[in-house]
Amino acid sequence: ACRLAGQWERALELFDELQRRGLEPNVISYNAVISALGEGRQWQKALGLFGEMRSRSRKDNASPQQPLEPDVITYTAVISACGKGEQWETAEEVFAELKKTAKHRPTKVTYNAMISACERCGQWQRALELLDELRSAGFEPDVITYNSLISACEKGNQFTRALELFNELQQRGLAPDIVTYTAMIAACGRSGDCVMAEQVFATMRQRGVRPNVVTYSSMIQAFARCGQWQRALAVFDDLLKESSSGDSSSSGDSSSVEPDQITYSTVISVCEKVGEWGRALQFLDTMKRRGLTPNVITYSTAISACGKAGQWQLAEELFEELRTTAGITPDLVAYNVLLAACERGGRWERALEVFHTLLQQGLTPDALSYAPLIAALEVAGRHDDARAYFREAHAANTFTSNPAGIYRDNGLDVRFLSVPVARTVVRTALEDILDNSYGAYDDAEDFGIVTGRGADTNKEKDGVLRPAIEALFRDHYPLLACNPEERNPGKLLIGAASLRRWVASSSDSS
């Protein structure tokens, strides 16, 4: 009963009480407790009990207790516990040990537990290998097997393989359940195929399978990934109508259509991505009125929505609510979105305060921490400060923005940066050239700046980064001739002769 209810603490208490009364737990007792620990995501404790059993099974065991050998149910329960704890490699080790035993061999349930462990950890290739092993062992996959495999392929962005498995399941005469349909909808959404996601959703309803809150959330995410935010919000409205119709199961039930924390966080994220900050705040308020507690992710998304819309005051209020009213410790993401709100609001002094608070809390800033701070300082004309923070970020290797890095031999790659940050990087590089500290700079060659289109560019518009960098040279470095490369308009070149004259001129004036 404790195992079914997920009450692992109570299961352990009963197990300990059994031994205090002088009774020796048997294999069945161990299996029940290990299963309960698995349900409670207590994989370390499950492994501990498994270790006890193995020590009692050894021939050289000096314990006065009777020998006790794990059976296939024990191994399966341990594999399941490790899977739920997202420890697939440990599960693999236990699985390998089981296959080496002389008395036991994996059952279909064991294979399903191992496939599920791989699914939870994003190991879709290994999950498919286990399907072949399952068949080689004389078993046929069931709905549980297919559900884990489809979900594993969805997480691995293997839509075609997920679809093949979905079709194979039905061709073998098996009936997809709510988990199958939900995983397939998620796979469609991840691949950007909203039409098929709708078809799967409609087929599910036609076959009498009622969607639950996870299904609705998958549909919302599918439309959001396709850029159809109005339809995503329409699905959420349908969910609200169904949950208020009086025909929904209690929250937490697998068949429940009551919006949960994840659903609200998803729809708030949709609003954040499309600039609907007002609706994001409405959903946050509705969530709280329904008795659901927003987590740090939900708050961070709402803060980001306000920040992107220039509503920095509201962003500040939400951050304060997160910290005080909700009693949640802000994480790095929360600080980063607040920094971004400060940047958009032109509040460089507040951005500095937030950044220093982040450091005081023992958090390590990343590129998304430095970028808004540097941008705010650059726009405010605090060029020395902006360069100082860029140098700090660059020294810590946290501000590369692309795999190849920003600094190149005789050049820069700023195409993934916003305009203000790119301007700071160019200023810093030129200062380094003056100080002879650039690194691999060779004044016999042209100096190149790869701009591409730039991070601030909308898909429908021409690049904004190159004109911004050209304006920087025109307004602040008029002695430097900066022109597009003939065969590559996304790259600016500063002639070597022009650079040498500029360096000489700067030396003379100093």
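**Words and their cut-offs**

Student: Why is E86 called exposed?

Tutor: E86 has a relative accessible area of 52%, and the word exposed is kept for values over 50%, with buried meaning under 20% and partly exposed in between (1.4 Å probe, protein chains only), so E86 is exposed. Please bear in mind that this is a predicted model, in which local features need pLDDT of at least 70 and side-chain atom pairs count only at pLDDT 80 or more, while totals for chains, interfaces and linings use all residues. Residues are numbered from 1 along each chain as its sequence is written, and side-chain values use heavy atoms, with hydrogens and water left out.

Student: Where is E86, and what is its phi?

Tutor: E86 sits in the loop between α5 (72-84) and α6 (88-100), where helices (H or I, at least four residues) and strands (E, at least two) are DSSP runs numbered from the N terminus. Its phi is positive, near 60°, although E86 is a residue other than glycine. R41, in the loop between α3 (27-39) and α4 (43-57), also is not a glycine and has a positive phi of about 60°.

Student: What makes R41 partly exposed?

Tutor: The relative accessible area of R41 is 43%, which falls between the limits for buried and exposed, so R41 is partly exposed.

Student: How do you know that T110 is buried?

Tutor: T110 has a relative accessible area of 0%, which is under the limit for that word, so T110 is buried. It belongs to helix α7 (residues 108-120), and, leaving aside neighbours within four places in sequence, T110 is in contact (heavy atoms within 4.5 Å) with V72, T76, I79, F95 and L98.

Student: What makes the pairing of T110 with T76 a polar contact?

Tutor: The side chains of T110 and T76 meet at 2.7 Å, and a polar contact is a pair of N or O atoms within 3.5 Å, where within protein one must be able to donate a hydrogen and the other to accept it, and residues adjacent in sequence count only if both atoms are side-chain atoms.

Student: Which residue makes a polar contact with the side chain of H383?

Tutor: The partner is R427, whose side chain lies 3.4 Å from that of H383, although these two residues are 44 apart along the chain and their C-alpha atoms are separated by 8.4 Å. H383 is found in helix α22 (residues 383-395), and its relative accessible area of 22% makes it partly exposed.

Student: Why is α11 said to be largely enclosed?

Tutor: Because 10 of the 14 residues of α11 are buried, the helix is largely enclosed by the rest of the structure. The buried residues include Y181, M184, I185 and C188, and the buried set packs against α9 (143-155), α10 (159-171), α12 (194-206) and α13 (213-225). At the N-terminal end, D177 caps α11 with a side-chain oxygen 3.1 Å from the backbone nitrogen of V179, and α11 is followed by G192, whose phi is positive, near 80°.

Student: Why are α16 and α17 called roughly antiparallel?

Tutor: Helix α16 (residues 277-289) and helix α17 (residues 296-308) pack at about 155°, with their axes 8 Å apart; axes are lines fitted to C-alpha atoms, for helices over the stretch in contact, and angles run from 0 to 180 degrees between N-to-C directions. Angles under 35 degrees count as roughly parallel, over 145 as roughly antiparallel, 65 to 115 as roughly perpendicular and the rest as oblique, and therefore α16 and α17 are roughly antiparallel. Among the residues making the contact are W277 and L284 of α16 and Y299 and A302 of α17.

Student: What makes α20 and α21 roughly antiparallel?

Tutor: The axes of α20 (residues 348-360) and α21 (residues 367-379) cross at roughly 155° and come within 9 Å, and they are therefore roughly antiparallel to each other. The contact includes W348 and F355 of α20 and Y370 and L373 of α21.

Student: How many helices and strands does the protein have?

Tutor: The protein comes to 25 helices and 5 strands, and of its 510 residues 46% count as buried.
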